[in-house]
Each structure stands twice: as C-alpha cells, then as structure tokens.
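Subject: A structure for you to look at

Hi there,

Here is the structure I promised to pass on. Have a look at it first, and then read on for what turned up.

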Amino acid sequence: MARAEKKRAARTATATAAVERPSGTSDRRPLYFAALLVLANAALVVLIIAFVPYTKIDWDAYMSQVDAFLEGGRDYTKIEGDTGPLVYPAGFLYVYSAIKFLTGGQVFPAQILFGVLYIVNLCLVLLLYVKTEVLPWWALGLLCLSKRVHSIFVLRLFNDCFAMTLLHAAMVLIIYHKWYLGLIVFSGAVSVKMNVLLFAPSLLLLMVKVQITTAPWFVSSLHLSMLPTVTLTKLFVQSMSIKGVFFALFGAAVVQVLLGMPFLLSHPVEYISRAFNLGRVFIHFWSVNFKFVPEKLFVSKELAIALLILHLTTLMVFAHYKWLKHEGGLFSLLHSRFKHAKSIVQLFSSKPRPSILSKEHIVTVMFVGNFIGIVCARSLHYQFYSWYFYSLPFLLWKTHFPTPLRIIIFLGVELCWNIYPSTAYSSLLLLFLHISVLLGIWFSPTEYPYIDKRT
C-alpha cells in the first residue's frame with residue numbers, strides 16, 4: 001500500500017513538474033517539427049489541388065440540398081440531392097451555404113477552402129499531440145502520410161472534414177479546461193455530422209469525473225509572470241457541482257435547438273427523424289469493414305443490435321477498469337459523487353473537491369472511446385477514415401508494442417483504406433488490426449489522470 005502511494009506521488013510530482021517547467025528547458029523539437037510539417041503539408045495540398053483531378057461524389061448533392069434550403073425548403077423529406085435525401089443536422093446546411101456563398105458553388109475555389117481547412121485541422125491535431133507528449137517528435141510525421149485523408153479533404157470535399165475539425169477544436173478547448181466553450185463547439189460539430197457523438201460517452205465521463213473543474217475567465221487575463229500558470233490555476237480554481245455539468249450539457253442542447261429552429265418550427269418530426277436517424281442502414285458494397293459478412297446478415301437488425309451491445313459493453317469495461325481505475329471504478333466514482341446528496345437540491349448544489357485532469361488523460365479517453373465505436377461500427381465508408389485517422393498514432397503509442405510493429409499496423413490500416421473496392425480479405429485485415437490496437441491499449445498501463453493529488 002505504501003509502495004503504491006509512493007508511485008502515485010512520484011507520478012504526480014513528475015506531471016506537475018512537467019507542467020510548471022520553464023519553457024526554456026523543454027524539448028522544442030516537437031514544436032519545430034510540427035511547424036515544418038504544417039509548411040510541408042501546405043505545399044503538398046497546393047500540389048494536389050493543382051495536379052490531381054477532383055473526384056465527384058457528394059459535392060453536387062450538397063449544393064442541391066443547399067439550394068433547396070436557400071429557396072425556402074424546410075421539410076427534410078423534400079430536401080434531396082442526386083445521391084439521396086438530406087440526412088445531416090442543420091449545421092451542415094449552414095456550413096455549406098456559407099461555402100456556396102464564398103465559392104459560388106464552384107469546385108476549384110471550394111478545394112482551396114478545404115485545403116485551408118486541412119491545414120487548420122492539422123494544426124489543431126498537432127497541438128493536441130505536442131501538449132500530450134505521447135509520441136516521439138519524429139512520429140508526428142505519421143499524421144501527414146495518409147493518401148486517403150488528403151483525398152477526403154481536398155478531392156472529395158466531404159462534410160466529415162468540417163465535423164472533425166470542429167471536434168478537434170473542441171478537444172483543444174477541453175484540454176485547456178474551457179469546458180463550456182468546448183461543449184458548445186462539440187455540439188456544433190454534431191450539427192454538421194452525427195458521427196461526432198461517438199466521442200460523447202467519453203466526454204460525459206470526463207465531465208462527471210471532474211464535475212467541470214475550471215478556472216474563472218479572469219485567470220487567463222492576468223499577467224503575473226512571477227507565478228507559474230499551474231499555481232494561478234490552483235489559486236483561482238472553481239469546482240462546479242452536478243449543476244455545472246447539467247448547464248454545460250444544457251448549453252450544448254441549446255445549440256442544437258437554435259440551429260434547428262427553422263425546421264423544428266415548421267416540420268419538427270421530419271427534421272428529427274431524418275437529421276438524427278440512428279438506424280440508417282448503409283449499402284454493403286461501399287463498406288470498408290465487415291465486407292466478409294454476407295450482405296443479408298450485414299443489413300440485418302440482429303447484427304446491428306449485437307454490435308450496439310458490444311459497443312456499450314466495451315465502453316463500460318474500459319470506463320470501469322481503465323479510465324476510472326484510480327477512482328476505484330465506475331460505481332465507486334458515481335457513489336462518491338452522489339453519496340452526500342439527500343435531495344435533488346443537494347445534488348445540484350454539492351461541490352466536489354477541486355481536481356485537474358491531465359491533458360494526456362483527456363485525449364486518451366476521448367480517442368479510445370471514439371475508437372471503440374469505430375471497431376464496433378457495422379459500416380465504415382471511405383470518408384469515415386477521417387473519424388479516427390488522426391488518433392491512430394496516439395493510440396498506437398499508448399500500447400506497449402515495439403515501434404516497428406506500431407508502424408506496420410499504421411501502414412496496414414492505411415493500406416486497407418486505400419483498397420477500392422474493399423474486399424473480404426481487406427476488411428478482415430482491417431478488423432484484425434483494429435482489435436489488435438484495442439487489445440494493446442487494454443493491456444497497457446493506465447496513465448495517472450490528474451496533475452495534482454486531489455481526486
């Protein structure tokens with residue numbers, strides 16, 4: 001018991017020292033290499049747009065749906081494109097209406113816009129990686145090596161690009177403990193495409209775990225150079241109650257209501273049933289995973305229910321044994337948060353002890369939670385690779401695999417996503433690689449979640 005406490009104290013001291021370490025003594029190589037990667041990718045994006053032919057898939061459909069919206073269409077059952085009916089929340093229409101305004105609906109200027117978006121997204125992802133310090137500096141280059149992801153952004157112009165960029169922006173805000181603003185941006189990402197909800201269970205767990213511990217707005221505006229940032233945060237920290245979590249979620253919900261208001265006021269049933277349809281069945285031919293499963297079984301409700309149960313069970317197991325290991329597990333955490341509440345009023349007014357989650361733990365829980373959803377997804381179309389590609393190097397370095405094996409797995413996943421059309425063998429290999437990564441994470445040590453001793 002004493003040995004365990006010493007190890008925890010050592011980890012705490014190391015984490016706190018890393019945060020309070022003067023910038024002059026830190027390793028600058030990741031930052032310099034990240035800047036080099038951004039410049040190199042900017043040049044690469046220009047070359048791709050200039051010399052690689054654009055691939056027509058959904059752009060015309062997007063523009064047709066935007067035209068119907070701009071012409072006054074509010075019935076989601078009647079807003080369609082050449083690839084089918086509109087199935088995305090209202091944020092999608094606002095984003096692509098803005099794109100149409102800026103580009104005139106033309107592909108080439110839209111490619112330039114998406115090229116800028118690619119660089120912005122890359123900067124956000126690199127910031128997450130540099131701040132968490134999970135990868136060696138040279139491995140950041142893996143984030144720029146995907147042929148498929150470059151294509152998704154600047155040759156296909158999918159809405160997944162905006163959804164994931166907003167998601168990564170939300171994660172950046174959250175690792176800096178800007179929970180309320182992070183939740184609003186997260187909700188904005190959901191309004192562009194619902195795949196972002198795969199991150200929601202992890203985000204909710206983190207919120208309940210810390211019960212939104214954050215510093216007031218004025219802390220960041222103080223210029224007290226004599227005190228380190230962590231000391232300032234500890235001096236002014238505010239620990240919010242369950243009420244704080246509730247209002248953060250309420251704010252995210254308000255974003256959805258406001259964005260969907262034109263449709264909710266006129267055709268609410270049509271909007272909700274189409275924009276938030278969780279029971280959609282994708283075409284077997286276009287799926288990259290589970291291609292080895294016969295089509296009849298692939299589209300069956302039995303498989304969908306089985307994968308949903310597997311998804312929820314895996315999330316629960318990781319939450320209990322990995323993400324909440326230092327709190328004694330899921331049930332112990334819930335008990336500690338609610339044990340003193342005798343009524344609803346006390347539940348909403350009780351304040352937990354202040355605690356600050358580490359950046360590494362926040363990113364780990366978010367990335368792993370999303371990856372579990374990917375592993376259990378019935379259908380993954382080619383553009384869905386953007387949902388988790390940027391987390392793949394992070395996940396691989398959270399395992400204890402030797403570095404050559406990490407790189408082989410990374411390249412193997414990329415290979416599977418670049419086989420068109422996918423085959424039974426490529427989808428089986430992809431599933432094997434996904435499960436290997438997930439098992440590698442499961443058997444790896446769990447990082448200490450806090451940057452101080454208070455839990």
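What share of the residues of the protein count as buried? The figure is 52% of the 455 residues. Please keep in mind as you read that this is a predicted model.

On confidence, the average pLDDT of the protein is 86, and 83% of the residues score at least 70. Two stretches deserve a careful eye. In residues 9-25 the pLDDT is below 50, and the model gives this stretch 15 contacts beyond near neighbours in sequence. Residues 213-240 also have a pLDDT below 50, with 43 contacts in the model beyond near neighbours in sequence.

Now for the overall build. You will find 20 helices and four strands in the protein. Take the contacts between residues at least 6 apart in sequence: 80% of them join residues at least 24 apart. The accessible surface comes to about 21300 Å², and carbon and sulfur atoms account for 70% of that area.

The buried ones are Ser202, Leu203, Leu205, Leu206, Met207, Val208, Lys209 and Val210. You will notice that Lys209 is on that list along with Ser202.

Leu44 has a relative accessible area of 34%, so it counts as partly exposed, and patch members need over 30%.

Last, the cysteines. Is Cys416 buried or exposed? Cys416 counts as buried because its relative accessibility is 1%, and the cut-off for buried is under 20%. Cys123, on the other hand, is partly exposed because its relative accessibility is 35%.

Do write back once you have had a look around; I would enjoy hearing your thoughts.

Best wishes

Methods:
Residues are numbered from 1 along each chain as its sequence is written. This is a predicted model: local features need pLDDT of at least 70, side-chain atom pairs count only at pLDDT 80 or more; totals for chains, interfaces and linings use all residues. Side-chain values use heavy atoms; hydrogens and water are left out. Buried means under 20% relative accessible area, exposed over 50%, partly exposed in between (1.4 Å probe, protein chains only). Helices (H or I, at least four residues) and strands (E, at least two) are DSSP runs, numbered from the N terminus. Contact means heavy atoms within 4.5 Å. Accessible areas come from the Shrake-Rupley method with a 1.4 Å probe; for residues, only the protein chains shown count as cover. pLDDT is the predictor's confidence in each residue, from 0 to 100.
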